[in-house]
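Here is a short tour of a protein model, written to be read with the structure open beside you. Take a look, and then let's walk through it part by part.

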Amino acid sequence: VTDPLTGLRNRRYVRRHLDQILATGTPAAVLLIDVDRFKPLNDLHGHAAGDVALKEVAARLREHLRAVDVVARYGGEEFLVALTGSAQEEALAVAERLRAAIADRPVQALGLMIPVTVSIGAAVSTDGIGADPLIAAADAALYRAKERGRNRVEKAGMDDWKAALR
């Protein structure tokens, strides 16, 4: 249930948690967060510096969330936040707060000050939506954030939901 590098919950745990939230009909939001330009960071500074950056991103995410929210390492340099009981405005405000918490201060790793930013895709559940389409809609919004220049938050739009529900 725990990612050994970051100490966050892992992909399997957050997925079960999200399924449980949605099964009760409680509103939820998913924030899919990807560290921008992580491969070049690893290539330039080495994997040890990349690991330090991931740990610091994890710590900043955890620090800026409520106890009821779950943040997990979802894969490589990707994180997923499950916000329980959040409407769209609140989810977007949280996403922007997390984005700023990462970007506002460089990560100190191996004697270096490394600027790190994240891109975030946000999707909010509607009645009857399962975890798969919710995550897929957030993922589509994340890719749009990357395409539009990184270090930004994008919300899932109608086209994202149509694609996610196919």
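## Serine 86, a buried loop residue

Serine 86 has a relative accessibility of 1%, so it counts as buried. The residue belongs to the loop that runs between strand 3 (78-84) and helix 4. Please keep in mind throughout that this is a predicted model.

Which residues does serine 86 contact once its neighbours within four places in sequence are left aside? They are Pro27, Ala28, Ala29, Arg66 and Val124. One of these, Arg66, comes up again in the next section.

Aspartate 69 sits in the loop between helix 3 and strand 2 (70-75). Is this aspartate buried or exposed? Its relative accessibility is 10%, and because buried means under 20%, aspartate 69 counts as buried.

The side chain of aspartate 69 has a polar partner: it makes a polar contact with the side chain of arginine 66, at 2.7 Å. If residues up to four places away in sequence are not counted, aspartate 69 touches Ala82, Leu83 and Thr84.

## Helix 3 against helix 4

Now for a helix pair. Helix 3 covers residues 47-63 and helix 4 covers residues 88-103; their axes come within 9 Å and cross at roughly 140°. The two helices are therefore oblique to each other. As for handedness, helix 3 passes helix 4 in a right-handed crossing.

On the helix 3 side, the contact is made by Val57, Arg60 and Leu61, and helix 4 contributes Leu98, Ala101 and Ile102. Sorted by class, the residues of this contact are 5 nonpolar and 1 charged, with no polar residue.

## Helix 2 against helix 3

Helix 3 also meets helix 2 (residues 38-45). Here the axes come within 6 Å and cross at roughly 135°, which makes helix 2 oblique to helix 3.

Which residues of helix 2 take part? Phe38, Leu41, Asn42 and His45 do, and they meet His47, Ala49, Gly50, Ala53 and Leu54 in helix 3. By class, this contact has 5 nonpolar and 4 polar residues, and no charged ones.

Follow the chain on from helix 4 and you reach proline 106, in the loop between helix 4 and strand 4 (107-109). With a relative accessible area of 35%, proline 106 is partly exposed.

Leaving aside neighbours within four places in sequence, proline 106 is in contact with Arg60, Met113, Ile114 and Pro115. The C-alpha atoms of proline 106 and valine 1 are separated by 29 Å, and the two residues are 105 residues apart along the chain.

## Alanine 122 in strand 6

Alanine 122 is part of strand 6 (residues 118-124). At 5% relative accessibility, alanine 122 counts as buried.

What does alanine 122 touch, not counting residues up to four places away in sequence? The list is Val30, Leu31, Leu92, Ala138, Ala141, Glu154, Lys155 and Ala156. Valine 153 is 31 residues from alanine 122 along the chain, and the C-alpha atoms of the two are separated by 7.4 Å.

## Two arginines with positive phi

Arginine 37, although not a glycine, has a positive phi of about 50°. You will find arginine 37 in the loop between strand 1 (28-35) and helix 2.

Arginine 150 is not a glycine either, and its phi is positive at about 70°. This residue lies in the loop between helix 5 (131-147) and strand 7 (153-155). With a relative accessible area of 29%, arginine 150 is partly exposed.

## Aspartate 19 in helix 1

To finish, turn to helix 1 (residues 11-23), where aspartate 19 lies. Its relative accessibility is 35%, so aspartate 19 counts as partly exposed.

How many residues separate aspartate 19 from aspartate 104 in sequence? They are 85 residues apart in sequence, and 33 Å apart in space from C-alpha to C-alpha.

How values were computed:
Residues numbered from 1 in each chain as written. Predicted model: local features only at pLDDT ≥ 70, side-chain atom pairs only at ≥ 80, totals over all residues. Heavy atoms only, no water. Axes fitted to C-alpha atoms, helices over the stretch in contact; angles between N-to-C directions. Helix = DSSP H or I, 4+ residues; strand = E, 2+ residues; numbered from the N terminus. Parallel < 35°, antiparallel > 145°, perpendicular 65-115°, else oblique. Left-handed = near helix turned anticlockwise from the far one by under 90°. Contact = heavy atoms within 4.5 Å. Nonpolar A, V, L, I, M, F, W, Y, C, P; charged D, E, K, R; others polar. Buried < 20%, exposed > 50% of the residue type's maximum accessible area, 1.4 Å probe, protein only. Polar contact = N/O pair within 3.5 Å; in protein donor to acceptor, adjacent residues only side chain to side chain.
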